[in-house]
Amino acid sequence: MRESAPLQPVRDPQVTLPDLLAVLLNKGVYLNLDLIISVAEIPLIGVNLRATLAGMETMLEYGMMQQWDKQTRASVQRSIARQVPLLPEEEVVARMAGGVYAEEVHRSWRPGTVYLTDRRLLVFRRDPAEVLWQTPWESIRAVTLPDERTVGGEHRHRMLVELVDGSSRLLSARDPERLLSLVAARVPGGGLTQTPRAVGSRPGSATLTEALHAELSPDVLRESRAWYQETRSGSALWREGTARLDRRAGLTWRSPSDARAAVNLVPQDIAGVEVRRSSTPSGEADVLAVATGHGVVLLAVEDAARWAELIRRITEESTSHHVREVDSAAHR
């Protein structure tokens, strides 16, 4: 039998630390190591190591650490039950920071925590303790992600919950896309296999399918992994994240650790764009240089020339639209 060649280390400049972590968490690594430490050819110490490294989901999928997972979940449930008024035998599935838009007395956002249980969706405020809003799963007809522009000019997704009685409620969440997918999985008939529901005349809204698959929306022109050069303490630092180009929202970039987008440029903010060569974490590559009124934003993306072309297109469309509005106002 022919012996297989020994494995050789390979350096791929496109592979980053997040890529390595993704493989480690999703697939896992099994270590089978026998190590002998010798001095003057005399073996002194022996190490026999058998270890498995993987993400918890992968561990549980292969039947490992199930007892620890069960005990941890039970401990978390007991801790939550001491703070949130849960029903008997009710179990919390997920939670995240968020809030609900109240319209009863004063129209305003009321912050709290969004809880998904096996029986209902609720927003709870801990101090003072109060259930701000709740509804059982069978009362939800559809969920959508309307787009809202904040006072600071940032575009944010809110989650619109439409109930079977014809009423609706607007929720905010730290991760609205994840919240939407979790809620949609529990809404009767609200899965992705169903016919998408339109939100009607709400401006900037999206159907359930469009919200989870942004590439189907004609407004989303491009979205991919990108490196952003951020200046901290006078020095430049490349950070990895996701860049997105939208006809209405413009150019945004956000890293997984950011609560908000670090780059948020509407088409009117973009003064120009060019492609230049620069040193990046992946080596010498084409970089997008986007000019704004406050400086230049550098993004390292694949197919930078195509990105630049699309950015020029949305800025031209925005300028043409503004000119038409001015002409229309002048004629009135």
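Helices (H or I, at least four residues) and strands (E, at least two) are DSSP runs, numbered from the N terminus. The model is predicted: local features need pLDDT of at least 70, side-chain atom pairs count only at pLDDT 80 or more, and totals for chains, interfaces and linings use all residues. Residues are numbered from 1 along each chain as its sequence is written, and side-chain values use heavy atoms, leaving out hydrogens and water.

**View 1. Glu-89 sits in the loop between helix 3 (66–81) and strand 3.** Its phi is positive, about 65°, although Glu-89 is not a glycine. Most residues other than glycine have a negative phi. Glu-89 is exposed, with a relative accessible area of 73%. Exposed means over 50%, buried under 20%, and partly exposed in between (1.4 Å probe, protein chains only).

**View 2. Asp-303 lies in the loop between strand 18 (295–301) and helix 6 (304–331).** Asp-303 is not a glycine either, yet its phi is positive, near 60°. Asp-303 is partly exposed, at 44% relative accessible area.

**View 3. A cis peptide bond joins Asp-127 to Pro-128.** Its omega is near -5°. Most peptide bonds are trans. Pro-128 belongs to the loop between strand 5 and strand 6.

**View 4. The largest nonpolar core has 23 residues.** Such a core is a set of buried Ala, Val, Leu, Ile, Met, Phe, Trp, Tyr and Cys residues joined through side-chain atoms within 4.5 Å. Leu-121, Met-159, Val-161 and Val-183 touch the most other members. Helix 4 gives the largest share, four residues. A second, separate core of 22 residues includes Leu-251, Val-263, Trp-307 and Ala-308.
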